[in-house]
Amino acid sequence: MFDTQTPWPGSDDFYQSLLEAHQGLTEEDSHAFNARLILLLAQHVRDNEVLQAALAAARLPAGAAR
């Protein structure tokens, strides 16, 4: 199961850092940043099953049951 509901210690800090990383970027640069970040994290995870589950979860509307 892919857990999208349970925050981990530091999740709020990461979210704040993510918001700050986007400050001052154009929309185009922000999208490019997100793409690079996703690819870096996927390279670190290296588990296609987990990555496929993440893709499926990300397609659901915010707040939808997962």
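What percentage of the 66 residues in the protein chain is buried? Buried residues, those under 20% relative accessible area with a 1.4 Å probe and protein chains only, make up 6% of the chain. The structure is a predicted model, in which local features need pLDDT of at least 70 and side-chain atom pairs count only at pLDDT 80 or more, while totals for chains, interfaces and linings use all residues. Residues are numbered from 1 along each chain as its sequence is written, and side-chain values use heavy atoms, with hydrogens and water left out.

The fold contains three helices and zero strands, arranged along the sequence as α-α-α; helices are DSSP runs of H or I with at least four residues, strands are E runs of at least two, and numbering starts at the N terminus. The C-alpha trace spans about 35 × 25 × 25 Å along its principal axes.

Gln-5 lies in the segment before helix H1 (11-22). With a relative accessible area of 58%, Gln-5 is exposed, a class that requires over 50%. Its side chain makes a polar contact of 3.0 Å with the side chain of Thr-4; such a contact is a pair of N or O atoms within 3.5 Å, one able to donate a hydrogen and the other to accept it, and for residues adjacent in sequence both must be side-chain atoms. The C-alpha atoms of Gln-5 and Gln-23 are 26 Å apart.

Helix H3 comprises residues 48-59 and reaches 17 Å from its first C-alpha to its last, close to the expected 16 Å, which is 1.5 Å times one less than the number of residues. At its start, a side-chain oxygen of Asp-47 comes to within 3.0 Å of the backbone nitrogen of Glu-49.
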